[in-house]
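The following exercises are to be worked through with the sequence and the three-dimensional structure at hand. Each task is followed by a solution in steps.

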Amino acid sequence: GLVLTLAPTMTLSGRVVFEGKSGTPPPDPSTVRVVLETFGPTRAGSTSRSVSGDRSGTFTATGVMPGKYRLSAGVSTNSGNSTWAVKSIVLDGREAYDAPFEIQSGRSPQGAVITMTDQLTELSGTITDAAGAPVPALQILLFPTDRTSWTTTSRRMRGTIRPGADGKYRFSNLLPGEYYLAVVTDLEPGDWGDPAFMEQVAAAAIKLTFALGEKKVQDLRTGG
């Protein structure tokens, strides 16, 4: 009595474009890897797949099952480093880089536009104690002031980092916007993304605003 109903898979297609202002020529579009990753619980678990575009920047992902997904992209280089990062991903007329989107059965989304920029936004600095000595044992948090983005799946929630032995820290490839910068001694499991914890940290945080391509230095001092 088992009945299996089969349905055709979907196709996601789009193109990659470059917006450069540094004078660095854009890379070959075929070096851009577009990653399509499932979002949320699925029967098969979390899966991801990547495709490359052609020299015109056009890419196509076939055999896509209906469900919720996220898109990301990066430039493949021999060194692993790139001066280009995602500025925005627009799908069906809305921003799809910092939020999941749904692919519905019988409807293949077309016309995704992934914009890469060489205007990289970053924050760096040094954390020291009252005597000017580096403090590497603390954790530094960077998260958006927009409370609707206080989820661990938001790309604006940059998580926690520990400074190096010299006290220096760096957050790179930030999305432009307004953020809270804070320091904590310890982070318990489940704290990150918990509204009550985030509100407590935000009350004592530094507020910073970043424009596209802006590089800020914010030194931190603890203990008086």
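## Exercise 1: A tryptophan in a loop

Trp 84 is located in the loop between E5 and E6. The model is a predicted one.

**Task.** Determine which residues Trp 84 touches, not counting residues up to four places away in sequence, and state whether Trp 84 counts as buried or exposed.

**Solution.** 

Step 1. List the contacts. Trp 84 touches Phe 18, Glu 19, Gly 20, Thr 24, Pro 25, Pro 26, Pro 27, Val 75, Met 116, Thr 117, Asp 118 and Leu 120.

Step 2. The relative accessibility of Trp 84 is 6%. Buried means under 20% relative accessible area, so Trp 84 counts as buried.

Step 3. Compare sequence and space for another residue. Trp 84 and Leu 6 are 78 residues apart in sequence, and their C-alpha atoms are 41 Å apart in space.

## Exercise 2: Aromatic pairs

**Task.** State how many aromatic pairs a search of the whole structure finds, and describe the pair of Phe 18 and Trp 84.

**Solution.** 

Step 1. Count the pairs. The search of the whole structure gives 6 aromatic pairs.

Step 2. Describe the geometry. Between Phe 18 and Trp 84 the distance is 5.3 Å centre to centre, with 85° between the planes. Planes over 60 degrees apart count as edge-to-face, so the pair of Phe 18 and Trp 84 is edge-to-face.

Step 3. Phe 18 belongs to strand E1 (residues 10-19), whereas Trp 84 is in the loop between strand E5 (67-75) and strand E6 (85-91). The two residues are 66 residues apart, and their pair links distant parts of the chain.

Step 4. With 22% relative accessibility, Phe 18 counts as partly exposed.

Step 5. Examine another pair. Phe 143 and Trp 150 form an edge-to-face pair, with 5.7 Å centre to centre and 75° between the planes. Phe 143 is buried at a relative accessible area of 0%, and Trp 150 is buried at 7%.

Step 6. Ring pairs join Phe 143, Trp 150, Tyr 180 and Trp 192 into a cluster.

## Exercise 3: The order of strands in a sheet

**Solution.** 

Step 1. Examine E2 and E3. These strands run antiparallel and are joined by 5 bridges. Within E3, Ser 50 stands opposite Val 35.

Step 2. Examine E2 and E5. Strand E2 (residues 32-38) pairs with E5 in the antiparallel sense over 7 bridges. The bridge partner of Glu 37 is Arg 70 in E5.

Step 3. Examine E5 and E8. Strand E8 (residues 101-103) runs antiparallel to E5, with 3 bridges between them. Lys 68 stands opposite Glu 102 in E8.

## Exercise 4: Nonpolar cores

**Task.** State how many residues the largest nonpolar core has, and which strand gives the most to this core.

**Solution.** 

Step 1. In soluble globular proteins, nonpolar side chains tend to be buried together.

Step 2. Describe the largest core. It has 40 residues, and those with the most contacts inside it are Val 34, Phe 101, Ile 114, Met 116, Leu 123, Phe 171 and Leu 181. Strand E5 gives the most to this core, with 4 residues.

Step 3. Consider one member. Neighbours within four places in sequence left aside, the contacts of Phe 171 include Leu 123, Ile 140, Ile 161 and Leu 181.

Step 4. Identify the second core. A separate core of 14 residues includes Leu 141, Trp 150, Val 184 and Ala 205.

Step 5. Consider the whole protein. Of its 224 residues, 38% are buried. The protein has 1 helix and 17 strands.

Notes
Residues numbered from 1 in each chain as written. Predicted model: local features only at pLDDT ≥ 70, side-chain atom pairs only at ≥ 80, totals over all residues. Heavy atoms only, no water. Phe/Tyr/Trp six-rings, centres within 6.5 Å; stacked < 30°, edge-to-face > 60°. Buried < 20%, exposed > 50% of the residue type's maximum accessible area, 1.4 Å probe, protein only. Pairing = 2+ DSSP bridges. Contact = heavy atoms within 4.5 Å. Core = buried A, V, L, I, M, F, W, Y, C linked by side-chain atoms within 4.5 Å.
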